[in-house]
Amino acid sequence: QAGAALRALYVEIQTDEGMNGFFGPIEDWQAFHIQHSLRPFLLGRDPLATELLYDQMIRLDRHGRSGLFMTAVSVVDCALWDLKGKVWNQPVYRLLGGPTRPAVPAYASMLGFSTTPEDAAALAQEYKAKGYTAQKWFFRYGPGDGAEGLEKNLAMAQAVRAAVGPHYQLMFDAFMGWDLT
């Protein structure tokens, strides 16, 4: 809705010593699981015992290793690692073992951009010129749009390919809506 305020939920874990860890945004249903299942479990526990807490959290629910509950556990786990990094004054990647290579290639996510063939081609060239070595585009149309939607997706993909050349890396996200065929 135009003019509507943005709304987002975040998790904050606070210690008795005044340190905190954040993660988000999260979904309403994750907040429900956190509030009703994970929060009562976590109160009074050592927040720096991340591995132990993770193991115990996934055992709180008989389906804890999958589904909606697991995503709530993951949210809390990320906030605990953020807290641990702050307490130890280290970036989380260093706590997890440090860098394994000097650089990581990045790609441009083209989510939210126009997918009309003309606009997509111009944007693809622009982001290639900015130095991105790859781009990920998102198909606008799903199976419910039939053959016409498939053709529109294909026209966008062909226009992007023509704009960046045959050897530039492109990815296309079908939102799990299209199969290989």
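This is a predicted model: local features need pLDDT of at least 70, side-chain atom pairs count only at pLDDT 80 or more; totals for chains, interfaces and linings use all residues.

Student: How much space lies in the largest pocket?
Tutor: The lining is made up of 22 residues. Among those nearest the centre are Glu12, Arg39 and Leu43. The space in the largest pocket comes to about 540 Å³.

Student: Now the inside. Which element supplies the largest share of the largest nonpolar core?
Tutor: That core has 19 residues. Val11, Ile13 and Val76 are among those with the most contacts inside it. At least two residues each come from β1, α1, α2 (50-58) and α3. The largest share, 9 residues, is supplied by α3.

Student: Which residues does valine 11 contact, leaving aside neighbours within four places in sequence?
Tutor: Valine 11 is one of the residues with the most contacts inside the largest core. Contact here takes heavy atoms within 4.5 Å. With close sequence neighbours left aside, the partners of valine 11 are Gly21, Phe22, Phe23, Ile26, Ile34, Val75 and Ala79.

Student: How many residues are in the other core, the one lying apart from it?
Tutor: Met110 and Ala120 belong to this other core. So do Phe139 and Val164. The count for this core is 17 residues.

Student: Let me step back. What pattern does the chain follow along the sequence?
Tutor: The chain has 6 helices and 5 strands. Read along the sequence, they give β-β-α-α-α-α-β-α-β-α-β.

Student: Is the chain a compact globule or more spread out?
Tutor: For 181 residues, the globule rule gives 16 Å. The chain's radius of gyration is 22 Å, well over that value. Its C-alpha trace spans about 60 × 40 × 40 Å along the principal axes. With the radius of gyration well over the rule, the chain is more spread out.

Student: Is methionine 156 buried or exposed?
Tutor: Methionine 156 lies in helix α6 (residues 146-164). Its contacts beyond four places in sequence include Thr115, Ala120, Trp137 and Phe172. Buried means under 20% relative accessible area. Methionine 156 has 1% relative accessibility, so it counts as buried.

Student: What separates the C-alpha atoms of methionine 156 and threonine 116?
Tutor: These two residues are 40 residues apart along the chain. Their C-alpha atoms are separated by 6.1 Å.

Student: And what separates the C-alpha atoms of lysine 136 and glutamate 17?
Tutor: Lysine 136 lies in strand β4 (residues 134-138). Not counting residues up to four places away, it touches several residues, including Tyr107, Met110 and Asp173. Glutamate 17 is 119 residues away along the chain. The C-alpha separation of lysine 136 and glutamate 17 is 43 Å.

Student: Is the peptide bond from glycine 24 to proline 25 cis or trans?
Tutor: Proline 25 has its place in strand β2 (residues 20-26). Omega for the bond from glycine 24 is near 5 degrees. The bond is cis.

Student: Last one. Is asparagine 89 buried or exposed?
Tutor: Asparagine 89 is found in the loop between α3 and α4 (92-95). Its phi is near 55 degrees, a positive value in a residue other than glycine. Exposed means over 50% relative accessible area. Asparagine 89 has 67%, so it is exposed.

How values were computed
Residues are numbered from 1 along each chain as its sequence is written. Side-chain values use heavy atoms; hydrogens and water are left out. On a 1 Å grid over the protein atoms alone, a cavity is a set of points where a 1.4 Å probe fits but cannot get out, and a pocket is an open set with protein on both sides within 12 Å along at least five of seven lines; lining residues have an atom within 4 Å of a point. Grid points are joined across faces, edges and corners, and a volume is the space filled by probe spheres set on the points. A nonpolar core is a set of buried Ala, Val, Leu, Ile, Met, Phe, Trp, Tyr and Cys residues joined through side-chain atoms within 4.5 Å. Buried means under 20% relative accessible area, exposed over 50%, partly exposed in between (1.4 Å probe, protein chains only). Helices (H or I, at least four residues) and strands (E, at least two) are DSSP runs, numbered from the N terminus. The radius of gyration is taken over C-alpha atoms; the globule rule is 2.2 Å times the number of residues to the power 0.38.
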